Amino acid sequence: MTAATQHKTFSLARVFAIASNTLLELVRLKVFYFLLCFALLFIAVSLATSTLTFQEQFHSMKSMALGGMSMFTLLLAVLSTAMIIPKDIEERTLYTILAKPVPRFEYLLGKLGGVLAMLLVAMALMIPMLVLVLYVKEQSSLAAASRSLAPGPDRDAALEQIRLAAFSADLIPGLIIIYLKAAVCASLTLLVSTFATSSIFTIIVSCMVIICGYVQHFAREHALGAVAVGTVSVMNFLVKGVTILAMLMIPDLWAFDILDDATGALPLDLFAQTASLGGVYIAAYFLIGYLIFAGKEL
Amino acid sequence: MSTPAITIQKLTKIYPIPFKREKVTAVRELSLTVEPGQVYGLLGPNGSGKSTTMKIVLGLVAPTAGRTEIFGRDSRTVESREDVGFLPENPYFYKFLTGAETLAFYGKLCGLGGARLRERTRELLALVGLENAADRRLGGYSKGMLQRIGLAQAMVQEPRLLVLDEPTAGVDPAGSREIRDLILDFKKRGITVLLCSHLLEQVQEICDRIGILHQGVLVREGQLDELISIENQTEMILENPTPELLAEIRAMVGRSKGRVVEEGRPKRTLERYFLEVTGGSDE
Ligand SMILES: Nc1ncnc2c1ncn2[C@@H]1O[C@H](COP(=O)(O)OP(=O)(O)O)[C@@H](O)[C@H]1O
Ligand SMILES: [Mg+2]
């Protein structure tokens, strides 16, 4: 009748149980399919865009498809993360989970893990679509170029250009950054949901912070510029303080939009730098969220 | 003497009201002990602090003052929850899981897995009579079925203590009777139960000991029999008495110092009558 096993302070099995349950919850949700269908449609529609030269077509198509993927993963991240914890609290399922020997840290980690896994599933469904669309476009462009240009070095060069502009392994770092950006937003939303009282509040606050995250780049330059030419020292101090605080609390999402160059490829050092920035944001938001959640009155 | 299943010492809980200066005292200086094997009923009107007390015992809510323990382990530690199962008030479980998946999920949280978990899931589904609904999603369960899957979930790691917050609230009489029988079954197996309920008749049927809370204060506490028996009266129920016998008894009472306080036909309870008529699950 006594407890058979010694209690573990941290159990990966428990985190995994919560994460896979969260993944199941999100995947069985209608909004997931809705958003995903929309994203797939968007990627497919970008095929229809055809203007100017072949290479430019690829550029606009690629940036449209990647931009679409980036936006949909971000939306999916915020909307799905915003509902999981408030729903558990509202429906009291949280009581039944935390009344088992489950530390709050593991609960929160499992929830984040579930969302990150769901985002992976979404990416895994969108990437083949992207590859397919780029492949179809490549083939049709190659055929059109072969037809319209006379054989010779000019045509060979044009065909080579098209092949280069189509899908290549160069896109992979960019796709990882898109995933990481959504993961940062998920972690941020999880943090907001630890002190929020409802999903809708979580969504509004998270979206506001994310919008600020896009503009903080400019605000920062402006604020620091003002400090440089500032005259009153107290003012300087205040502006600096607020800026630093804002920089800490609001993710610099601009830093993740680095795919706008022609090929969609990414220099390796910039990739490594942005990826580690993403990792730091995810960990920091998770830990702050945990500190709030640990002391939360349920 | 064995360690008590639950120890509550001078427990006080004050909830702040957001954006207001006033505060709600949900529980005030509450002390009580639940011994192993007992079925303890916590009674009181709505808002008297029953749920708050249970949540503090389970470490879900932090006390303002005082201390609670489960089998000698401080409620604030995660380990204290190893030997306890909890069924909250009006619980919802994950609607997207089936009955069997639900039990497997809670089992995994308790460190069970593999063949042992499958075995335990099957056992529990049989225990609460939900084998036929094992593969249906909880979204389609009735209130009574939800309470039963909730009980099974609470029992998943074979805890020695069960904490049940209004286990029969909102359940129809037949379902309510089933839950009562399950609790009696747990009691027979030596499991300690702390429960609160508004159905005083049921509490009377299953509890050994009760405490009555009023506005967060424990106003009465003790063995049920001692609290409710009327010291100077005796009840006698006769089958097929002749009018002569009754006249004789009345005459005898008249000659003695006693007095007939009440005379009439004993009534079956409305619950029993209802179950007889609807052919409920009554034996
Ligand atoms: N989270 C909370 N915040 C503020 N007040 C609360 C909270 N939970 C309960 N209360 C208050 O505490 C008192 C006791 O509530 P509760 O323990 O739920 O009573 P019961 O279960 O006996 O009906 C009530 O007055 C209730 O309004
Ligand atoms: Mg209550």
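Trainee: Which helix of chain A gives the most to the nonpolar patch?

Mentor: In this predicted model, helix 8 of chain A, residues 199–229, gives the most, with 4 residues. F201(A) has its place in that helix.

Trainee: What makes F195(A), I200(A), F201(A), I204(A) and M208(A) a nonpolar patch?

Mentor: Membership requires over 30% relative accessible area and no salt bridge, with nonpolar side chains joined within 5 Å. These five names form such a patch on the surface, and together they have about 510 Å² of accessible area.

Trainee: Why is the pair E101(B) and R28(A) called a salt bridge?

Mentor: The cut-off is 4 Å between a side-chain nitrogen of Lys or Arg and a carboxyl oxygen of Asp or Glu. The closest N and O atoms of E101(B) and R28(A) are 3.8 Å apart, so the pair falls within the limit.

Trainee: Why does this pair join two chains?

Mentor: E101(B) lies in helix 2 of chain B, residues 99–109, while R28(A) lies in the loop between helix 1 (12–27) and helix 2 (30–45) of chain A, so the bridge runs from one chain to the other. Over all chains, the count by this rule comes to 21 salt bridges.

Trainee: What makes the approach of G47(B) to ligand 1 a polar contact?

Mentor: A polar contact is a pair of N or O atoms within 3.5 Å. A polar backbone atom of G47(B) is 2.7 Å from an oxygen atom of ligand 1, so the pair qualifies.

Trainee: How do you know that S48(B) and S51(B) also make polar contacts with ligand 1?

Mentor: The limit is again 3.5 Å. A backbone N or O atom of S48(B) lies 3.2 Å from an oxygen atom of the ligand, and a side-chain N or O atom of S51(B) is 2.7 Å from a ligand oxygen. Both pairs therefore meet the definition. The protein covers 66% of the 570 Å² of accessible area that ligand 1 has on its own.

Trainee: Which elements of chain B supply at least two residues of the shell around ligand 1?

Mentor: Strand 2 (23–34) and helix 1 (50–57) each do. Helix 1 of chain B has the largest share, 3 residues. The shell includes Y15(B), V24(B), K50(B) and T52(B).

Trainee: Where does the domain assignment place the two domains of chain B?

Mentor: Domain 1 spans 6–228 and domain 2 spans 232–283. Their C-alpha centres lie 37 Å apart.

Key
Residues are numbered from 1 along each chain as its sequence is written. Chains are lettered from A and ligands numbered from 1 in the order in which they are written. This is a predicted model: local features need pLDDT of at least 70, side-chain atom pairs count only at pLDDT 80 or more; totals for chains, interfaces and linings use all residues. Side-chain values use heavy atoms; hydrogens and water are left out. Domain bounds come from an automatic or database domain assignment. A residue is near a molecule or strand if one of its heavy atoms lies within 4 Å of it. A polar contact is a pair of N or O atoms within 3.5 Å; within protein, one must be able to donate a hydrogen and the other to accept it, and residues adjacent in sequence count only if both atoms are side-chain atoms. Accessible areas come from the Shrake-Rupley method with a 1.4 Å probe; for residues, only the protein chains shown count as cover. Patches are made of residues with over 30% relative accessible area and no salt bridge: like charges are joined within 9 Å, nonpolar side chains (Val, Leu, Ile, Met, Phe, Trp, Tyr) within 5 Å.
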